[in-house]
Each structure stands twice: as structure tokens, then as C-alpha cells.
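Dear colleague,

I am passing on the structure below, together with some notes on what I found when going through it. Please have it open while you read.

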Amino acid sequence: MELTPAEKRYAVLGIALIAASVNPLSLMLAQELEVARFSFDMLLVWGAGLIGVYLSRLMYEKGGTLSRAVLSLNYKTKGVLYSWGIAGALLTLWYLPNFFDLSVVSLQYRAAQIVTFLVAGVIGGIGWDALGKAMKSFTLFSMFSMMAAVAEIFLEMAGYYSVNYYPAYPTDQLVETSYMLFAMAAVPSTYYMVKVLKDLDLF
């Protein structure tokens, strides 16, 4: 079964988002402004995720030993291993204070972070294709809720304690980013929380 034009557009849009997030201008802005870094990091992961969805459909169409092995494990674990276990762990790693600061001050660590985000996005996108309807809604709910959680972490660990645990950026930038994340997460997290209940036929 040949891929549909809509499925092929996943790859095109994914590449466009990655190009928008990883270019000389975006990298320069991300180095200076924490809010820009978080925004471009999100675009990078979303773009890689779309490519992951495309690759999942492509592997299903083309077949092959490796494709069957990857998709078999994905569907046996209902997409949770790839999208939550592997992708989630890789993304979380780079927002731990030490790794986060190293990615700001070191070009080598920044390059490693970008590659990790690309890999996490692709794996997460492949996993997404095997998630059930309710789990997709729950995953989106969790993603937006995690944005609020990151906002709270930035506020507390950079602004409230006597020691700034994220010293790579000024405290005021981390606080501004936190408020932006709270604002971005409020409506979507509420919507998907209700959608999860609806998908589970609880009302």
C-alpha cells in the first residue's frame, strides 16, 4: 500500500520544522535567550516526531527484516516503550541542571543535545503511530503538563532558592520562560485531560 500524499507531507513538514530550529540564526538566539532555546528545542522535537511518523508508515509499506523487528516491538508495547520510555528518557536527560548548563556553554554538548533530540523525536514519532486513541490524548496531555512542570522547576530552582541551579542563563530569563510555559500549557492540558476521559468513554 503506497503512502498517501498526506503521509508524505509529514516528512516535508518535519524537515521544515527542523530547519527552522537548527540554523545559524536560531542557534545564535538560543545561545542568548532561554525562551528562544526552549521554543526551538520544541520545534526540533516536533519536527523529528513527524519524520518518525512518516518512517513508521514507510517501514510498514516497504517491509524488510529490520522494519518488521522495529514495528513488531513497537506494536507489542503499544507504542509506549518508544514514545514514553526511550524518547521521554532522552528528552528528560537534557533538562537536568548539569546537562542543561553544559549544552549552553559547550558546543560539543549542544551538538550532542541536538542529535539526541532528533533521535528522541524520531523514536517518539514511530511510537506515536502505535498508540491507541486514548493513549495519544494522554500523551499530549502529559506533554503539555510537563511543560508546566518544567516551568515550575525553572521558577523554583532558578528563582526561589538562594542558589541558581540553572546558572547558564540569567534568572530573569528563566522566570520569563516559566511564565510563557505556564501560559502555553494551560488550555491544551485542560483540553486533553477532558479528551482522555471522553476517549475512554467515561462520559
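Which residues does Asp-129 touch, not counting residues up to four places away in sequence? Please bear in mind throughout that this is a predicted model. With that exclusion, Asp-129 touches Val-53, Ser-56, Arg-57 and Tyr-75. Asp-129 itself is found in the loop between H7 and H8, and its relative accessible area is 13%, so the residue counts as buried, the limit being under 20%.

Turning to the helices, H3 (residues 34-62) and H7 (residues 107-128) have axes that come within 6 Å and cross at roughly 45 degrees, and the two helices are therefore oblique to each other, with a crossing that is right-handed. The residues of this contact divide into 13 nonpolar, 6 polar and 3 charged. On the H3 side they include Leu-44, Val-45, Ala-48, Gly-49, Gly-52 and Ser-56, while the H7 side includes Ile-114, Phe-117, Leu-118, Gly-121 and Gly-125. Val-53 and Ser-56 are among the H3 residues that meet H7, and both are also touched by Asp-129.

A last point concerns Glu-152, which has its place in helix H8 (residues 133-160). Its relative accessibility is 32%, and Glu-152 therefore counts as partly exposed. Although Glu-152 and Ser-178 are 26 residues apart in sequence, their C-alpha atoms are 6.8 Å apart in space.

Conventions
Residues numbered from 1 in each chain as written. Predicted model: local features only at pLDDT ≥ 70, side-chain atom pairs only at ≥ 80, totals over all residues. Heavy atoms only, no water. Axes fitted to C-alpha atoms, helices over the stretch in contact; angles between N-to-C directions. Helix = DSSP H or I, 4+ residues; strand = E, 2+ residues; numbered from the N terminus. Parallel < 35°, antiparallel > 145°, perpendicular 65-115°, else oblique. Left-handed = near helix turned anticlockwise from the far one by under 90°. Contact = heavy atoms within 4.5 Å. Nonpolar A, V, L, I, M, F, W, Y, C, P; charged D, E, K, R; others polar. Buried < 20%, exposed > 50% of the residue type's maximum accessible area, 1.4 Å probe, protein only.
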